[in-house]
Amino acid sequence: ALELRERLVAQEPGRADYLRDLSVSYERMGDLQRALGEGEAARQFYEKALELRERLVAQEPGRADYQIDLAKALARLGDSANLQRSLDILTRMRNANQLMPEDAPVVEVVREMLQKVKAAGVAG
């Protein structure tokens with residue numbers, strides 16, 4: 001699936017649906033690598049997903065779903081700078097009533113992650 005999605009994006013790099021699908025594949029590969037204990041490989045996939053999600057937000061900044069995807073990609077990287085960015089996006093969206101009810105708990109999850117990282121002294 002990953003190779004197919006990479007080919008589709010290569011053929012039509014501006015197609016938002018292809019970009020989002022590829023970002024999901026990268027994210028899932030990152031999750032798999034993390035589960036296997038391959039932290040650096042996971043980070044590389046997460047960074048690829050993040051890059052695509054930033055492109056999608058730049059193309060269509062008004063899309064709340066792209067903003068949520070971006071916030072989740074930032075949170076997966078897990079360092080304080082990216083967690084803070086994620087929290088900022090989510091808080092802004094919550095304050096603008098742009099979060100779907102199922103996404104509302106993510107704000108507190110990211111806030112807690114950020115507090116733990118800061119308490120542990122992990123720089124970002």
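This is a predicted model: local features need pLDDT of at least 70, side-chain atom pairs count only at pLDDT 80 or more; totals for chains, interfaces and linings use all residues.
Is N97 buried or exposed?

1. Start with N97 itself. This residue is exposed, because its relative accessible area is 72%, and the cut-off for exposed is over 50%. You can find N97 in the loop that joins helix 5 (80-95) to helix 6 (104-120).

2. While you are there, check the backbone. N97 has a positive phi of about 55°, although this residue is not a glycine. Its place in the chain is just after helix 5.

3. Now step back to helix 5. This helix has 16 residues and reaches 22 Å from its first C-alpha to its last, close to the 22 Å expected. At its start, a side-chain oxygen of D79 comes to within 3.2 Å of the backbone nitrogen of A81.

4. Next, see which parts of helix 5 are hidden. Among its buried residues are L83, L87, L90 and M93. The cover over the buried residues of helix 5 includes helix 3 (39-59), helix 4 (64-77) and helix 6.

5. S25 is buried, because its relative accessible area is 7%, and buried means under 20%. Leaving aside residues up to four places away in sequence, S25 touches L2 and R5. With R5 there is also a polar contact between the two side chains, at 2.7 Å.

Terms used:
Residues are numbered from 1 along each chain as its sequence is written. Side-chain values use heavy atoms; hydrogens and water are left out. Buried means under 20% relative accessible area, exposed over 50%, partly exposed in between (1.4 Å probe, protein chains only). A polar contact is a pair of N or O atoms within 3.5 Å; within protein, one must be able to donate a hydrogen and the other to accept it, and residues adjacent in sequence count only if both atoms are side-chain atoms. Contact means heavy atoms within 4.5 Å. Helices (H or I, at least four residues) and strands (E, at least two) are DSSP runs, numbered from the N terminus. The expected span of a helix is 1.5 Å times one less than its number of residues.
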